[in-house]
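Let's take a walk through this model together.

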Amino acid sequence: MTMEQQKRYGHFDDQHREYVITDPQTPWPWINYLGNEDFFSLISNTAGGYSFYKDAKFRRITRYRYNNVPMDNGGRYFYIKDGDTVWNPGWKPCKTPLDFYECRHGMSYTRITGRKNGVEASVLFFVPLKKWAEVQKLTLKNESSETKTLKLFSFEEWCLWNAATDMENFQRNFSTGEVEIEGSTIYHKTEYRERRNHYAFYHVNTPIQGFDTDRETFVGLYNEFADPQAVMEGKPRNSHAHGWSPIASHYIEVTLKPGESKDFVFLLGYIENEQDEKFEAPQMINKKKAHALIAELDSTAKVDKAFAELCEYWDALLNIYKVRTGNDKLDRMVNIWNQYQCMVTFNFSRSASFFESGVGRGMGFRDSNQDLVGFVHQIPPRARQRIIDIASTQFPDGGCYHQYQPLTKRGNNDIGGGFNDDPCWLIFGTVAYIKETGDFSILDEMVPFDNQPGSEVTLFEHLKISMDHVIKNLGPHMLPLIGRADWNDCLNLNCFSWDPNESFQTTENVSEGTKAESLMIAGLFVVTGKDYVALCKKIGKAEEAARMQKAVDEMIEAVKKHGWDGEWYLRAYDFYGRKIGSNECEEAKIFIESQGWCTMAEIGAEDGMVAKSLDSCKKYLECEHGMVLNNPAFTKYIYEYGEISSYPEGYKENAGIFCHNNPWVIIGECLAGRGNDAWSHYAKILPSYVEEKYQTLHKVEPYVNCQMVAGKDAYKPGEGKNSWLTGTAAWMWYTVSEFILGIKPDYDGIRIDPCLPETATDYTVQRKFREADYEITIHPNGAQKGVKQIVVDGKPIDGTVIPYSAGKHVVEVTM
Ligand code: BGC
């Protein structure tokens, strides 16, 4: 390991459930998310980032500059002018060297502390529960022996609501900006005069000695955030923005005696008004709701109380599933960070991160269904609503919009549908919900097609047409036709593009007569098909169960006959019916997705296929940092395959370690009872293990999974990208909680079936499940798999399912 790889930028603080960053110059901004419903913010370790209401595209509240120079530009900045020195608690944007710096990212909050020349500035950022506002509680403390007179400037830059047009339609934007100033509150009301019924405000709970709302006046046309004119001169301009770029900056003069400290509560809020209550006077916005919101959070005591409530909320969520294994690295991921990341992916799907601009992608159909398995145990009612929202974007033939917009919940026409794996995921998500809650009534909910009123059928009917969509779209080998792509968005077998202006995902230059089939969908169909069959039996639909069992059996036969390459499962057939992911291929002889899904489906296990496939993953896909997606990597663009081979070797879908799919193979290992292998694959992509070894190489946040780690063929293997918003979160959770630790919700209770490395020692899981509270201790006794006996409240039970009953239970499991 090189010196570079050993440098560390922070560490875990498990007791406080925080990651503590001690150097602001992290290898990439290390961010956190604030807000759990409706009002959200992204915040980096230097306070960069932005806020939005529900939808990062249509209701962007503040501006952020993606891919800027320097990196991470735009955020909530506090400038402290102490004599001639100007500094920020988060180091940026002034980058004045600090005497002390620390950023603590916690559960939906971030605390950034800086010290300079005897002054400490500490800011606590969070979004109170059920409030449409970001609190920034700034505490200034004089730690020197002299009285300090400081000039404090706050700063936020307004986004003109639609984040897409904000970045492009300058001929209009530069003439629309409007603000109002009232006491210590700056209101942003661009476009409120016409069709918007919402505005934002930035308030501080103390009288101010000046303000600015016009960016050019405050910063200066040729200055930067690092040296705004007003701050450098220590003089606010009291500017009033008309057009151009409106901002909000408060100016406060602060005198602190030695040892004295003062709190300031800044509040960034969002308000919606009814059409007939928009104005209080001509041209004046109705501020009633803003006043009310401010009044709820205008003192240290009120804010501290709101913060305590947020912490209690997280205590309760993280109390639902808790493990004690004695391995800190595992426990902190299971008990804290993995679950936290699952909440974040549930909230944002793939829409807003430091790699996702919040403009391009809304909520993914397949993504959001998968995210559910990481979240459903946390807040089941929200999961329920999500399932209904997703299903409402389905078409009557079972196909569906690939994405929908969170604000409108409408399918996104730009991307459309035609991704043939999508429908199966609805079964995956719904089954997880029912097993967790026992709430079968969701199946009777009336759910529309494409959000059209009057088109409603039951959710169960949506599940049925989802299965049928696969059966009705089979190719020449009786395997599922792939459509635009399956889970791998970049395997575009009907695209055939030489035109760089064409989107790989939405262009189908040919599809008539296609023979392009997917083994990944075949495996997915078998897994979700078995779930569907079990569900049908459970609700007394024996005929439907039999019908689908037949389809599942046929699919299994088709895979065995046409999907097996000798040592592993094929990946697909191309447009012409030629094999993809075969030993016969020149490159990319083996792919991970079909190994994952077909081993999870246990197809051909009796003939040794599963074991051979898993062995091939180890032999060809595994490397130091995880398993790559395909091997060998493509070295040239293949016109028939689409985007996959457009990436240089080792990145993204071309032989990157696409962390999302590693758990599929790990689950395959678990089902096959190979605990040592399962664990070794798992630990390789477990953030806490990566954190210890590779902070600099890995680059991205060490407390969460990223979507992609550069694979063994890449220029820099081990480099991570696209952190936070990835299906990896939910799949890591599903894998460790249900398959490794082996606590699996089922219709009638909790199934216990761990799969462990033989070095595993006794561990205890506390699991709240519906109205029950279980304390389950597992004694592995060196076994990788196989439960010998389960004792519930002192009485041995038959089988491996603890029958559900409300109340507290103590469970002992011997393997
Ligand atoms: C998309 C997923 C897709 C994956 C693999 C992600 O960026 O959000 O839907 O399955 O890439 O292509």
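## Terms and ground rules

Two strands pair if DSSP finds at least two bridges between them. Strands (E, at least two residues) and helices (H or I, at least four) are DSSP runs, numbered from the N terminus.

This is a predicted model, in which local features need pLDDT of at least 70, side-chain atom pairs count only at pLDDT 80 or more, and totals for chains, interfaces and linings use all residues. Residues are numbered from 1 along each chain as its sequence is written, and side-chain values use heavy atoms, with hydrogens and water left out.

Have a look at the open sheet formed by six strands in the order 22-39-40-44-41-42, with mixed pairing. Strand 22 (321-324) and strand 42 (795-797) are its edges, each pairing on one side only. On average, neighbouring strands of this sheet are turned by 20 degrees against each other, direction ignored; the axes behind such angles are lines fitted to C-alpha atoms, for helices over the stretch in contact, and angles run from 0 to 180 degrees between N-to-C directions.

## Strand 41 and its two partners

Strand 41 (residues 789-792) pairs with strand 42 in the antiparallel sense over three bridges. Here Ile790 stands opposite Ile797, and Val792 stands opposite Lys795. The two strands form a hairpin with two residues between them, and Asp793 in the turn has a positive phi of about 50 degrees.

Strand 41 also runs antiparallel to strand 44 (residues 807-814), joined to it by four bridges. Val792 turns up again here, opposite Val811 in strand 44.

## Two helices side by side

Now for helix 15 (residues 592-600) and helix 16 (residues 609-621), whose axes come within 10 Å and cross at roughly 150 degrees. That makes the two helices roughly antiparallel, a label for angles over 145 degrees. Helix 15 passes helix 16 in a left-handed crossing, where the near helix is turned anticlockwise from the far one by less than a right angle.

On the helix 15 side, Ile592, Gln595 and Thr599 meet Val610, Ser613, Leu614, Cys617 and Leu621 of helix 16, contact meaning heavy atoms within 4.5 Å.

## The whole protein

Stepping back, the secondary structure comes to 20 helices and 44 strands. The radius of gyration is 27 Å, close to the 28 Å that the globule rule gives for 815 residues, so the protein is as compact as a globular protein of that length. This radius is taken over C-alpha atoms, and the globule rule is 2.2 Å times the number of residues to the power 0.38. Along its principal axes, the C-alpha trace spans about 80 × 60 × 55 Å.

Definitions and conventions. Angles under 35 degrees count as roughly parallel, over 145 as roughly antiparallel, 65 to 115 as roughly perpendicular and the rest as oblique.
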